[in-house]
Amino acid sequence: SEEGEDDKKEAVSKVLFKDDCPSTPTKTENNKTKEEESKEESATKEEEESKEDVNILIEIVSAIELSPPKPKAKPSPYVTIHYLSPPPSSSKTKPLHKTLRIKKTLNPIWTVKSKSLFLLSSLQKQDFERRKGLRFDIWRGKDDYCFGRVDVSVEIV
């Protein structure tokens, strides 16, 4: 019975003195906790990432069943790419890219020869995010009537 009481005392002392209390933060040589240093490192990393260049390869493939301007008319469509939000200094901006016209078709297919590929490069990530994304317009041809538009946000890009 004495042995049983000793075992109970030992078990109680193990529970009471078990080292599962949070330890006090240890300071590093800069007199900061490891958590503070970790936060600073991640903030620095985010800042560096926002300064990284963004390179995006875009391929314009095709359009299907565009509506003709007049019955039996066949336009010569082309595509332009702009930023969703142009820089504040310009009201009307030149497109980032423009494909060649695909002559007399309602189902155009662009190829490398018709400038289907476009590399958007050397743009800092932070600047790209401010632009809010890309806008793709498909134009009818000579009269520059816009068939339609697709806006692609930064999150999707």
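**Salt bridges and a surface patch**

Mentor: The structure, a predicted model, holds 2 salt bridges.

Trainee: What makes Arg135 and Asp151 a salt bridge?

Mentor: The side chains of Arg135 and Asp151 come to 2.7 Å, N to O. The cut-off is within 4 Å, so the pair counts as a salt bridge. Arg135 sits in strand β5 (residues 133–139) and Asp151 in strand β6 (residues 146–153), so the pair links distant parts of the chain, 16 residues apart.

Trainee: Why is Asp151 called partly exposed?

Mentor: Its relative accessible area is 40%.

Trainee: What makes Asp137 and Arg149 a salt bridge?

Mentor: Their closest N and O atoms are 2.6 Å apart. That is within 4 Å, so the label applies. Asp137 is in strand β5 and Arg149 in strand β6, 12 residues apart.

Trainee: Is Asp137 buried or exposed, and why?

Mentor: Asp137 has 3% relative accessibility. Buried means under 20%, so Asp137 is buried.

Trainee: Which residues form the nonpolar patch on the surface?

Mentor: Leu57, Val112, Leu117 and Leu119 form the patch, with about 410 Å² of accessible area together. Leu117 lies in strand β4 (residues 117–124).

Key. Residues numbered from 1 in each chain as written. Predicted model: local features only at pLDDT ≥ 70, side-chain atom pairs only at ≥ 80, totals over all residues. Heavy atoms only, no water. Patch = residues over 30% accessible without salt bridge, like charges linked within 9 Å, V, L, I, M, F, W, Y side chains within 5 Å. Areas by Shrake-Rupley, 256 points an atom, 1.4 Å probe, with all protein chains shown as cover. Helix = DSSP H or I, 4+ residues; strand = E, 2+ residues; numbered from the N terminus. Buried < 20%, exposed > 50% of the residue type's maximum accessible area, 1.4 Å probe, protein only.
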